[in-house]
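Here's a quick tour for anyone meeting this structure for the first time. Have a look at it before reading on.

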Amino acid sequence: MSKKKTTGTKKITESVEGKDVSTNTVETIQPSTVNTDQPKSEPPKIAKSEAPVKPAKASKDEPAPQTESLPQPRRSVAFIGSECYPFVKTGGLGDVMYALPKALTKQNCDVKVILPRYKCIPWEYQEKMVYRGSFEMDLCADGATYYVGIMEYVWDGVVYDFIDNEFFFTAGNPYTNLVDDIPKFCYFGKAALAALNYMDWIPDVIHCHDWQTGLVPIYLREMFGATPLSRSKVILTIHNLRFQGKYDIQMISYWSNLPMHLFNKDVLKESYDDANMMKGGLTYANMITTVSGTYAGEIQSPEYGENLDAHLRYHSGKLRGIVNGIDYDMWDSSKDDLINTKYAIDTVLKKKRKNKLSLQEELGLEKNEDVFVIGLISRLTNQKGLDLVNAILPAMIDGNTQVVVLGTGDPWYEDSFRNYEWQYKGSVCANIMYDEGRAHRIYAGADALLVPSKFEPCGLTQLIAMHYGTIPIVRETGGLKDTVLPYNMYTNDGNGFTFDRYEDGLLLDAVNRAKTLYFTERDRWDDMVVRDMHKDVSWENSARQYRQMYVDLTC
Ligand code: ADP
């Protein structure tokens with residue numbers, strides 16, 4: 001536990017990176033220290049984070065890299081988010097937090113990524129982190145202060161700063177339940193800003209991701225207004241509007257210590273007694289982005305707006321969509337050690353068959369390179385269109401088709417896929433697990449990948465599939481619509497098979513259209529495989545758009 005109540009401030013000296021640095025924060029404690037003997041009802045203090053110290057050299061003072069060939073001007077960006085591959089990933093957000101900063105460094109951006117130091121981060125990364133300093137930060141309405149440690153790890157041109165606090169980040173998973181997650185992310189958002197001040201690293205743009213960082217734009221304007229950080233612009237990216245950080249007003253106001261007048265319907269108030277962290281962030285952000293153009297439009301409608309559609313329509317002037325990409329180093333079938341047989345565009349048609357056979361062997365399916373293998377890699381939640389898949393699965397299994405599912409989530413879906421595996425032994429395999437290696441082998445070995453989502457902000461699995469020469473079968477929503485061009489039998493063009501309304505019959509029709517092409521016009525199918533591998537789904541184009549937005553916002 002690292003919670004500590006303090007009764008006052010005192011000037012102390014601490015050692016950061018071997019240098020003695022004078023600080024004016026309250027006494028620094030180690031994460032394991034706890035002192036609960038102090039009086040509980042002190043008046044709220046001004047956040048000590050507003051009075052930052054300078055322990056380390058600001059990276060903006062460091063010699064500028066050779067940038068002649070890079071787009072100008074240079075911009076500095078702090079990414080703040082709750083997960084990031086390879087440290088911790090539960091879904092697409094983790095991929096984006098890893099790949100976009102990396103792509104931005106190639107677009108002349110100086111990027112720092114601020115993350116929680118969860119206990120579940122593998123030891124191979126924990127042991128390489130370097131201590132950058134620590135301080136105490138006021139957080140709660142009763143004046144409770146908390147330890148903020150900063151642990152740094154530099155990799156691939158990106159600086160990762162982990163906020164260390166054992167009280168908040170001990171759980172094995174980044175997300176547990178809202179009762180614990182709300183305080184955790186009230187703390188994290190403020191600690192991330194305080195850490196930037198503390199490191200004297202004042203970025204041009206603070207780029208926040210999802211509801212876990214929804215309070216950052218508000219803290220920035222309401223609590224850091226008198227600090228150098230106040231000159232930074234702030235962007236909030238919605239990766240999935242379904243999750244908004246809604247909870248009791250009393251709890252959020254206690255943990256954030258934000259003034260009560262902000263709990264009104266234009267900022268943080270959701271309903272009579274609930275506050276909404278995402279909503280408040282949307283109000284205060286200078287720009288709002290989401291991860292595809294179609295989703296940016298959809299979320300302004302009641303069908304997709306998750307009760308924030310009116311709020312988003314009101315703020316639509318600062319809302320735009322930029323589609324995600326995938327990291328070509330992470331997803332490269334010609335260098336992928338996790339798959340059985342590596343392949344490139346010129347060898348895909350031959351070598352994909354080998355990957356199919358080895359996948360079938362690994363999963364205990366009937367080994368036959370002529371059957372049509374359909375993959376599904378997904379969180380098992382109702383967002384992902386699994387009701388449609390469940391409804392048509394028996395109709396898909398026709399003796400020439402195999403279905404491979406990889407995912408975890410809602411027990412109802414987990415059990416239904418297990419049941420189908422039992423019912424169609426040898427043709428259906430339900431991998432109820434999270435397994436990166438198996439995901440790679442399914443992308444490499446399957447012929448097609450199903451993504452029939454009810455809504456899909458962007459979706460990465462269809463992008464990875466195309467890059468691995470696996471044909472996506474998707475519903476025309478969000479980023480799926482923006483990234484998968486439907487196959488056109490007259491022009492022999494397109495990247496996959498699509499359907500529009502959320503109906504099982506339409507999904508089955510799309511699957512059958514795919515099978516018909518596969519079994520009757522294999523040369524056309526093969527053309528599409530090669531076309532998909534050629535398609536540019538990298539981060540480069542998207543990173544260029546983000547960079548331009550940073551420049552537009554700060555010039
Ligand atoms: P979301 O963020 O909604 O979960 P995305 O399509 O944006 O969906 O991203 C999903 C990411 O998580 C992809 O990289 C996918 O390969 C990966 N993934 C999903 N489920 C699993 C699993 N069970 N095992 C391994 N990787 C998975």
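A residue counts as buried when its relative accessible area is under 20%, as exposed when it is over 50%, and as partly exposed in between. Keep in mind that this is a predicted model.

The structure holds 29 salt bridges. Here are some of them:

| Pair | N to O distance |
|---|---|
| Arg353 and Glu369 | 2.7 Å |
| Asp447 and Lys356 | 2.8 Å |

Asp447 and Lys356 are both buried. Asp447 is in the loop between α12 and β18 and Lys356 is in helix α9, so this pair ties together parts that are 91 residues apart in sequence. Arg353, at 32%, is partly exposed, and so is Glu369, at 29%.

Now for the sheet. Its 6 strands run in the order β17-β16-β15-β18-β19-β20, with parallel pairing, and the sheet is open. β17 and β20 stand at the edges with a single partner strand each, so one side of each has no neighbour in the sheet. Further in, β15 and β18 pair over 2 bridges, and Ile374 has Ala448 in β18 as its bridge partner.

Finally, there are 2 cavities of 30 Å³ or more. The largest has a volume of about 60 Å³, and its lining includes Asp327, Trp331 and Trp539.

Definitions and conventions: Residues numbered from 1 in each chain as written. Predicted model: local features only at pLDDT ≥ 70, side-chain atom pairs only at ≥ 80, totals over all residues. Heavy atoms only, no water. Pairing = 2+ DSSP bridges. Helix = DSSP H or I, 4+ residues; strand = E, 2+ residues; numbered from the N terminus. 1 Å grid on protein atoms, 1.4 Å probe; cavity = no way out; pocket = protein on both sides within 12 Å on 5 of 7 lines; lining within 4 Å. Points joined across faces, edges and corners; volume = space filled by probe spheres on them. Salt bridge = Lys/Arg side-chain N within 4 Å of Asp/Glu carboxyl O. Buried < 20%, exposed > 50% of the residue type's maximum accessible area, 1.4 Å probe, protein only.
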